[in-house]
Amino acid sequence: MATPDHPPTEPAHRPETGPRTETGPRPEAAPRAEERMAVDLAAVVGQLMRRMRAASSQGALTPSQRAVISRLYTEGPTTTAALARAELVRPQSMRMILAALEEQTLVERAPHATDGRQVVFSITDLGREAITSVRQAKQSWLLDAIDTRLDADERRTLAEATELLKRLVQE
């Protein structure tokens, strides 16, 4: 109870919009330019990836399946466990992905050279053709979009931005 000797106490938890004033809640601070840029960049990169996936001829493959085939193409044969770790999925999920790819004859299995309990998966010729086709379709779409939607100055700016993006993802 508030008296002259005991002023009202403020609640320990304030609403996220700040204390209530006579005109309503205090507006939240505007996001910093860097925060807005990070949000916008993530959204644009996501849209770009979706557009490129839509342009590829391998619509029957899930993004996870494409990622696994791409990894096998780039890094060579490996085990289910190693693929699961690399793709940040559970081994059970990776087994399902590999089973679907094996059914389509895009990957094949062979016994591990030193550990008879393990199996090594590798990409087949058909899998190589599939991933090459996907990559070419994506690159063709992107090249066409750059050529038809950007002028010479914008293409130079995009080349500079690409170098900056490379720096962002370096570890």
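A residue counts as buried under 20% relative accessible area, as exposed over 50%, and as partly exposed in between (1.4 Å probe, protein chains only).

## Basis of the report

The structure is a predicted model, in which local features need pLDDT of at least 70 and side-chain atom pairs count only at pLDDT 80 or more, whereas totals for chains, interfaces and linings use all residues. Residues are numbered from 1 along each chain as its sequence is written, and side-chain values use heavy atoms, with hydrogens and water left out.

## Salt bridges

Side chains of opposite charge can pair when their charged atoms come close. A salt bridge is taken here as a side-chain nitrogen of Lys or Arg within 4 Å of a carboxyl oxygen of Asp or Glu. Across the whole structure, nine salt bridges are found. Helices are DSSP runs of H or I with at least four residues and strands are runs of E with at least two, numbered from the N terminus.

In helix α2 (residues 63-75), R71 and E75 are four residues apart and therefore separated by about one helical turn. Their side chains meet in a salt bridge with an N to O distance of 3.0 Å. E75 is exposed, at 56% relative accessibility, while R71 is partly exposed, at 21%. Salt bridges with shared partners join R71, E75 and E87 into one network.

Helix α1 (residues 33-55) contains both R36 and D40, again four residues apart, about one turn of the helix. The closest N and O atoms of their salt bridge are 3.0 Å apart. D40 is partly exposed at 38% relative accessibility, and R36 is partly exposed at 42%. A further salt bridge links E34 and R32 (3.6 Å, N to O); E34 is partly exposed, with a value of 48%.

Strands of a sheet pair through backbone hydrogen bonds, either parallel or antiparallel. Here, three strands form an open antiparallel sheet in the order β3-β5-β4. Strands β3 (78-79) and β4 (107-111) are the edges, each pairing on one side only. Pairing requires at least two DSSP bridges between two strands; β4 and β5 (residues 119-123) pair in the antiparallel sense over five bridges. V107 has I123 in β5 as its bridge partner.

T124 is found in the loop between β5 and α5. T124 is buried, at 11% relative accessibility. Contact means heavy atoms within 4.5 Å; leaving aside neighbours within four places in sequence, T124 is in contact with T105, L106, V107 and E108. T80, in helix α3 (residues 80-87), is also buried, with a relative accessible area of 13%.

## The largest pocket

A pocket is an open set of points on a 1 Å grid over the protein atoms alone, where a 1.4 Å probe fits, with protein on both sides within 12 Å along at least five of seven lines; lining residues have an atom within 4 Å of a point. Grid points are joined across faces, edges and corners, and a volume is the space filled by probe spheres set on the points.

The largest pocket holds about 540 Å³ of space. Its lining has 18 residues, of which L48, L142, L158, T162 and L165 lie nearest the centre. Helices α1, α5 (125-149) and α6 (152-169) each supply at least two lining residues. The lining divides into 15 nonpolar, one polar and two charged residues, where Ala, Val, Leu, Ile, Met, Phe, Trp, Tyr, Cys and Pro count as nonpolar, Asp, Glu, Lys and Arg as charged, and the others, Gly among them, as polar.
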